[in-house]
Amino acid sequence: MLKYALLRLLGAIPTLLLVIVLAFLMVHAAPGGPFDDERVLSAEIEANIAAAYHLDEPLHRQFYRYFAGLLQGDLGPSYRYRDHTVSELIGTAFPISLKLGTMAMLLAVVFGVAAGSFAALRRNTLPDRSVMAFAMTGISIPVFVIAPVLVLLLAVKLQWLPAGWSGNEGAARFLLPVIALALPQVAYIARLTRASMIDVLASDFVRTARAQGLGTTAIVRYHALKPAMLPVLSYMGPAIAAILTGSVVVEEIFGIPGLGQFFVRAALNRDYTLVLGIVIFYATLVILLNLVVDILYGAIDPRIRQR
Amino acid sequence: MTTLFNIWRRMRENRAVMVSGGILIGIVIVAIVGPLISPHDYLQTNFDNLLQRPGTAGFHLFGTDDLGRDLFVRSMLGVQITIVVAVVASVVSLVIGVMYGAVAGYVGGRVDAIMMRFVDTLYALPFIFFVILLMVAFERNFLLIFVAIGAINWLDMARIVRGQTLSLREREFVDAARLTGVSTAAIIMRHIAPNLLGVVIVYVTLTIPQAILVESFLSFLGLGIQEPQTSLGALVDAGVNQMEGASWMLLIPAGLLATILLCFNFFGDAMRDVFDSRSER
Amino acid sequence: MKTFRLAGALAASIVLLGALLFACSDPARDEAVESVLQRGLTSDPESLDPHEMRSVQAANLLRDIGEGLLSYSATGELVAGAAAEWTISEDGLTYTFHLREDARWSNGQPVTAGHFAFSLRRLVDPATAAFYAQMLGDIVNAQDIIAGDSPPADLGVEAVDDRTLVITLVRPTPYLLSLLTYPSTFPVHPDAVAEHGDAFTRAGNLLSNGAYKLDAWEPGSVLELSRNEHYWNNAATAIDEVRYHVLTQEMTQLNRFRAGELHITGSVPPDNFAQIREEHPEELHIAPYLGVYYYGFNLTKPPFKGNPELREALSMAVDRDVLVNRITGRGEEPAYSWVPPGVDNYEPRRFIYAEQSQDERNAHARLLLREAGYGPEKPLQIELRYNTSDTEKKIALAVQSMWRDVLGVETTLVNEEFQVLLANMRDREVTQVFRSSWIGDYNDAHTFLSIMEGGNPSNMPGYKNDQYDALMQQAAEQVDPKSRRYHLEEAERVLLADHPVIPLYFYVSKHLVSPDIIGWGDNVLDYHYSQHLSLAPTAATP
């Protein structure tokens, strides 16, 4: 197992290199520079600024400079947030995104699995259909519609929850964003669980167990749940990606200073170093998470390891 | 021929397929015919008639938007474009995915290992970030949206097709073809690809709603289609800002978007049943 | 056994979720005794180093934590700042400032003339690479220093003693006093810069000489300021703490205002504006602002090169009343001149057609277009570029339809992301008509007119008229304000006749201000120092 994990980690290095080079070329290919403005600077000042940030060097020199810094763990200074370094910005933004994402993920898994199993056990009854109809609707409405509607309803009209992020302390400010972020995933996981649970319940070993007189609860808990979770587990990778995407929107709408919001801002502002920093950070994260999911998968389903 | 006929028969027997398919076809027909019948066109502004409520007045069935443009015609245009974008993007991902997966699965061995390793590599790229970068860096155009969405979706397709091909490869008719000296390319084109039909159809119907969501996400970021053209995502995005004063600007396109997504999801699910029942027997 | 683990994992994740939620709740702060002002800010300041900053947002923040030689009152009048008084020589070239005795940094040390001299030199030093270095361009030797030809020490700024600063100019610059209220000219403490280097603007390191000091800065979220006890006018400062919440979406600011979480919004969303006006008639503050929203022509390429009639036709066909009343609808002023009204000591010239009705203008525009050689058989096809944003999009669509309906012009819209549009405007290769804007840096017509001088880097259309440049040059040499004003107004007249741009409307500042706020004053510069505000005694902190 350890060898497998190490091999996978080694295999990730070319991926990361590819990510770095691609992202570097793309940000630099984008027209306009980080310091352009309608208030165009005079040639002398522009030259002074370019020199201060080494933007006057040829591109390959800039890449070497960046890469050399990277190898020492230095992601460079941000061009847009001139008082901060990229590492600092990621350091403050990531914990927020992480909290948000983890909570949304937990919420999605807990409610999704529960709702899916519930529906599977009452297959083709009214409760099943209503749960599934809800799930379908959840998948079918974009986050950027759900989020402002929730804010308007719960924060502005009813004033039950805070509308924004900064200045509101405590758990309440996480509630709306987490719900908005989790809702589509709840729906998706519920559908997955239901489908695989129905398959499992129809399988031989469950029928055997039933024949032995085990109750439904016991069957689900001891026999069906684990195999039924496998598709959910393999969905974790895409789910993480979906939550990353969703968090860009949710962070934007709720004004949450997470990584997604910083990335969009940085891309628009040509904050070269910040864009690169976030891309590299995220790529590393996704690689590690996928590794974890694979290992988990192997732990639950020994067949994978034998392959 | 008989296979296709069989599929069609099973589809007819499946109520979910017929209902969701019927609604989709209905929406598409209205979206094509509606603008032709309507006295309005999609870009005519009317500054004296901003934000008119839906109704029969002036034949603005869905009301007007914040520039006085007819929302019915615009919604229908949005439906057209959204579906075209989603379908074409899905087909793009399908073509790339099927070819890639079929080759990897059929050739197998080291080639397969390398090709799949590459797919794994791409999986780790934070794609949405690259899409944003792409859209930021280059002039907006249709093609780019297809490429962006297609690029996200072909990986899954490649994996699924590879799996199917691996099992198909061992079947008798493939062996027979190989023994009679048919080239690898011809086998893939003639024998493997057609037999992937079931998986592919199901998968495409499930990819389309994802593509629609990606398009609407790009519209939310202002990186979508160029006005005065529009898509459902762009209309919804505009509607969100008018949510309180002119709720119809949100509700109508959002309703259409949700209905279309729902139908595609139901249709895809039900098609899976159709093909499953075929393979069982 | 394994099955237990799975069920256990589910239960554990629920507990974890709860724990996470709990862990996120910080103990509520004790704010009961202090008055806290909550303000909305539309983006993070890029830097709190006065010499690195460039955005309106950063400038607003710096006005709370720093102070220049001069400052503005709540109603927008020029008043004494760190300098108590000043004298100007007869020829308008030498300014002598006398600093107040009690001007203090937030660590209690006095603010000296030497600090100002150090800071102004730092602003023009090429090593600083300041965006606003050009602001001091009229001071002796400034241009040479910026170009790297002279050392910063040569700048025409001298600290005669601790409390006397002399600035020498190469030409009379009547707006120098208003420049000296601008945060680029604020002082930094030389010791702080020497000690902390780049990190001197961090909370804890930053020494401020304004009414507030920086306590914390969470990028993308909030900046927290608290009272600077050593500020010379501390006794007059009412509010103890100020929080600037970074909220890029105007809608979010509105929602937070309505939820009672903000006292002052940084802006107001364009959509639903009528409804906002109805809901918050008292809280809504709209005031003229020194900024012009315009469409520029690329004058270096056909069809607009050497074709003023064509440009005039397009300019006339835009119904600005419809634009400001129906499309933007936030009380903007239709623009028939280049310099906005409300600029000190100046009366903007207007287009000749400004007095006509829109129908007359349309008829005239059609005539001009035909003379330029376009008509139904040869329709004009142009491309209009704008940056990606909802407001820009709506205006572009409206103008597109006006040109189509009035002139039969076929306009293709191209939206580009802001940096891309900027690059294209500067290249003048692919652009035809483009959207841009200009916000005045100081209250003087010069800030608007100077960018249209030939060769000015911000001259996006590529406009060049020798008569215009000559008038601007003459204006710069005038000591007498009346004569200077005459030359500037004449220059604008020349500019308008050439139609290098279509001014569409003049900006307004837009804020929602809670009724609990006392001392809010609308002004053309849209400066609202927190130190001038106070909270109604009954008001609970939101």
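Colleague: At what angle do helix α3 (residues 71-107) of chain B and α10(B) pack?

Modeller: This is a predicted model, in which local features need pLDDT of at least 70, side-chain atom pairs count only at pLDDT 80 or more, and totals for chains, interfaces and linings use all residues. Residues are numbered from 1 along each chain as its sequence is written, while chains are lettered from A and ligands numbered from 1 in the order in which they are written. Helices (H or I, at least four residues) and strands (E, at least two) are DSSP runs numbered from the N terminus, and axes are lines fitted to C-alpha atoms, for helices over the stretch in contact, with angles running from 0 to 180 degrees between N-to-C directions. With their axes 7 Å apart, α3(B) and α10(B) pack at an angle of about 135°.

Colleague: Which residues of α10(B) does α3(B) meet?

Modeller: Residues are in contact if their C-beta atoms, placed from the backbone, lie within 7 Å. From α3(B), B:Arg74, B:Ser75, B:Gly78, B:Val79 and B:Thr82 meet, in α10(B), B:Leu232, B:Gly233 and B:Leu235.

Colleague: Are α15(C) and α16(C) roughly parallel or roughly antiparallel?

Modeller: Helix α15 (residues 466-477) and helix α16 (residues 481-498) of chain C pack at about 165°, their axes being 8 Å apart. Angles under 35 degrees count as roughly parallel, over 145 as roughly antiparallel, 65 to 115 as roughly perpendicular and the rest as oblique. The angle therefore makes α15(C) and α16(C) roughly antiparallel.

Colleague: Which element supplies the largest share of the side of chain B that touches chain A?

Modeller: The interface brings 25 residues of chain B into contact with 32 residues of chain A. On the chain B side, α4 (109-123), α5 (127-137), α9 (197-220), α10 (232-241) and α11 (248-280) each supply at least two residues. The largest share, 6 residues, comes from α5(B).

Colleague: How many nonpolar residues does that side of chain B have?

Modeller: Ala, Val, Leu, Ile, Met, Phe, Trp, Tyr, Cys and Pro count as nonpolar, Asp, Glu, Lys and Arg as charged, and the others, Gly among them, as polar. Beside 3 polar and 1 charged residues, the nonpolar ones number 21.

Colleague: Which element of chain C has the lowest mean pLDDT?

Modeller: On this scale of the predictor's confidence in each residue, from 0 to 100, chain C has a mean of 89, with 93% of its residues at 70 or more. The values stay under 50 over residues 1-10 and over residues 19-32 of chain C. Where pLDDT is low, the predicted coordinates should not be read in detail. Strand β7 (residues 164-168) has the highest mean among the elements of chain C, 97, and the lowest, 47, belongs to helix α1 (residues 2-24).

Terms used
Two residues are in contact if their C-beta atoms, placed from the backbone, lie within 7 Å.
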